[in-house]
Amino acid sequence: MLKSLMFAAGLAAAAAPVAAAPAGHTVTVDIKNFMFMPMTVTIAEGETVTWTNRDQIPHTVAEKNKLFRSAALDTGDTYSHTFDKAGTYDYFCTLHPQMFAHVVVTPAAKKK
Amino acid sequence: MDNDNDAAPSRRHLLKCSAWAGTGVAWAMLGGVPRAFALDGPARAPDELKLLFVQLSDSHIGFNKAANPEPVKTLNEAKAKIRALPKTPQLILHTGDITHLSRPDEFDTAAQILGDLPAPVRYVPGEHDILDEGAGKAYLDRYGKGTKGNGWYSFDMAGVHFIALVNVFDFKPGQEASLGADQLAWLKDDLRAVSHSTPVVVYTHIPLWDIYAPWGWGTSDSEVTVAMLRPYGSVTVLNGHIHQIQQKVEGNITFHTARGTAYPQPAPGAADSPGPLVVPPEQLRSYLGVSDISVRRGRHPLAIHDATLSEM
């Protein structure tokens, strides 16, 4: 039951309006208090997300289907991943699987 | 089927565990190892100690934050505590998180400190021990010889069947840790040769019972595991991971989590996250400790004795 509650919370967060990142910018996600914040980020194809661990405990950033996976991030360590394909990416911390979040990648506007 | 029917009923009451913990633990206080038997029945003759072993956990070598900048020092203090036991233990179990980041130098430091203990140390990995690029290769190269799968194994000592389980691999998002089908199949097979009257000690890193699921303090397939252990007259399950003592007795099975030697963590749900608990430096050692477990000849409980590092 807990699991479904947690997923429900995740879906609620995914459904909330999220501002799209300005093109060309790197979006940052903080890892703090055993949470990814914000829990959902929306970026365009080709943009990058950088995670920074602000906890005193190591965390990882791991896509659930192993599309990308950071090394263990100690306090202050960062990890970046550039998303080349549109879609929704669910990721979690492999040390603390109760921590999970999402990256939504929207198709880039076609150049004329 | 059950060839020890006569033994089973009296064994129902065998698992009485004790904590001698300076910090006010809620369960029965039974005194230290030499005295553990005394409370069991003062009129009875002292019993012969069959096996004494020690549980160490959560050393987190490599951690250097405010909650304990010196985990090497506190692990050395734990070692001194083991050496000062009135009887020399025959075995030491380390229930994982030997290191903080699975770095070679952290494993080396831990091995150096624990290398000259008076008894062999048997390990299971914690999730902090498989953070290397090879996702566990560093741990398994060092401690996995003669083990199955991701490092599980069993052995017998002094009439006790020890089972080391591994529940820190293959985490799935939003789910608790698991042992997995392969390990459970192995366990079922392993138990086939163990008579129900044999005392069984199971040890693994993450608790094999649900302590606090929002923090991942439990194992998703623990119920099927525990079901395999229920026919046994005396089962003791030893875990680490949560850096504090929690205990539960269910029928013939006693579940017990040990203190770590590095830093404390909050009580379940008592903080925003399970991150390290910073306590005043002069109090730190009352939150850290080791446990020793004695097995006596005859039908007596395995007495678990938890001692903090402040009781030197």
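On a 1 Å grid over the protein atoms alone, a pocket is an open set of points with protein on both sides within 12 Å along at least five of seven lines, and its lining residues have an atom within 4 Å of a point. The model considered here is predicted, so local features need pLDDT of at least 70 and side-chain atom pairs count only at pLDDT 80 or more, while totals for chains, interfaces and linings use all residues. Residues are numbered from 1 along each chain as its sequence is written, and chains are lettered from A in the order in which they are written.

The largest pocket is lined by 25 residues; nearest its centre lie A:R69 and A:T94 together with B:I130, B:D132 and B:A135. Its volume is about 630 Å³, a volume being the space filled by probe spheres set on the grid points, which are joined across faces, edges and corners. The lining comprises twelve nonpolar, nine charged and four polar residues. In this division Ala, Val, Leu, Ile, Met, Phe, Trp, Tyr, Cys and Pro count as nonpolar, Asp, Glu, Lys and Arg as charged, and the others, Gly among them, as polar.

Chain A contains one helix and eight strands, where helices (H or I, at least four residues) and strands (E, at least two) are DSSP runs numbered from the N terminus. Read from the N terminus, their order is α-β-β-β-β-β-β-β-β. Of the 112 residues in chain A, 45% are buried, that is, under 20% relative accessible area with a 1.4 Å probe and protein chains only; over 50% is exposed, and values in between are partly exposed. Chain A exposes about 5,900 Å², of which carbon and sulfur atoms supply 58%; such areas come from the Shrake-Rupley method with a 1.4 Å probe. Among contacts (heavy atoms within 4.5 Å) in chain A between residues at least 6 apart in sequence, 52% join residues at least 24 apart.

The backbone also deserves attention. Most residues other than glycine have a negative phi, and most peptide bonds are trans. In chain A, a cis peptide bond with omega of about -5° joins A:M37 and A:P38, and A:P38 lies in the loop between β2 (35-37) and β3 (40-44). In chain B, the non-glycine residue B:A158 has a positive phi, near 50°. B:A158 is placed in the loop between β4 (153-157) and β5 (160-164) and is partly exposed, at 33% relative accessibility. B:D170, likewise not a glycine, has a positive phi of about 55°. This aspartate sits in the loop between β5 and α6 (181-191) of chain B, and B:D170 is exposed, with a relative accessible area of 52%.

Terms used:
Heavy atoms only, no water. 1 Å grid on protein atoms, 1.4 Å probe; cavity = no way out; pocket = protein on both sides within 12 Å on 5 of 7 lines; lining within 4 Å.
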